[in-house]
Amino acid sequence: MAVSAELRDYVLDQLRAVAPVTAKAMFGGVGIYSRGTFFALIAEDVLYFKVDETTRKAYEERGSQAFNPFGTGTMGYYALPEDILEDSDELREWMHAALAVARRKKEK
């Protein structure tokens with residue numbers, strides 16, 4: 001799950017324009033947290049956001065693929081459509097939705 005330093009830095013810069021984020025290396029990829037909540041990851045140079053039944057459809061309608069590193073089922077993360085990362089208003093909306101999903105999962 002290699003991640004290029006250039007993409008990692010770009011993603012973090014874009015996300016930090018919306019909310020404070022930190023990154024941690026994990027299994028060759030990068031886990032992304034906001035105020036202690038794990039809501040995104042980068043693997044193989046693809047940014048994935050946390051989804052659930054309330055947000056999954058929006059990703060599927062955009063043709064996004066689920067994070068499925070072992071080919072045995074999804075892990076609740078979908079690739080963020082690339083154009084969203086470049087649109088600060090849309091990024092804010094999708095990022096807040098992913099954070100809300102992650103917080104709900106964390107509370108369970």
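1. Thr 37 touches Ile 32, Leu 99, Ala 102, Arg 103 and Lys 106, leaving aside residues up to four places away in sequence. The model is a predicted one. Thr 37 lies in strand E3. With a relative accessibility of 6%, Thr 37 counts as buried, because buried means under 20% relative accessible area.

2. Strand E3 belongs to an open sheet of five strands, arranged in the order E1-E2-E3-E4-E5 with antiparallel pairing. At the edges are strand E1 (22–26) and strand E5 (77–79), each of which pairs on one side only. From one strand to the next, the twist averages 30°.

3. Helix H4 (residues 88–107) packs on this sheet. The helix touches strand E2 (29–34), strand E3 (37–43) and E4, and its direction makes about 120° with that of E3.

4. Three bridges join strand E4 (residues 46–50) to E5 in the antiparallel sense.

5. Asp 52 is located in the loop between E4 and helix H2 (56–61). Is Asp 52 to be counted as buried or exposed? Its relative accessibility is 4%, so Asp 52 counts as buried.

6. The side chain of Asp 52 takes part in polar contacts. One, of 2.5 Å, is with the side chain of Thr 54; another, of 2.9 Å, is with the side chain of Arg 104. Apart from neighbours within four places in sequence, Asp 52 is in contact with Val 101, Arg 104 and Lys 105.

Methods: Residues numbered from 1 in each chain as written. Predicted model: local features only at pLDDT ≥ 70, side-chain atom pairs only at ≥ 80, totals over all residues. Heavy atoms only, no water. Pairing = 2+ DSSP bridges. Helix = DSSP H or I, 4+ residues; strand = E, 2+ residues; numbered from the N terminus. Axes fitted to C-alpha atoms, helices over the stretch in contact; angles between N-to-C directions. Contact = heavy atoms within 4.5 Å. Buried < 20%, exposed > 50% of the residue type's maximum accessible area, 1.4 Å probe, protein only. Polar contact = N/O pair within 3.5 Å; in protein donor to acceptor, adjacent residues only side chain to side chain.
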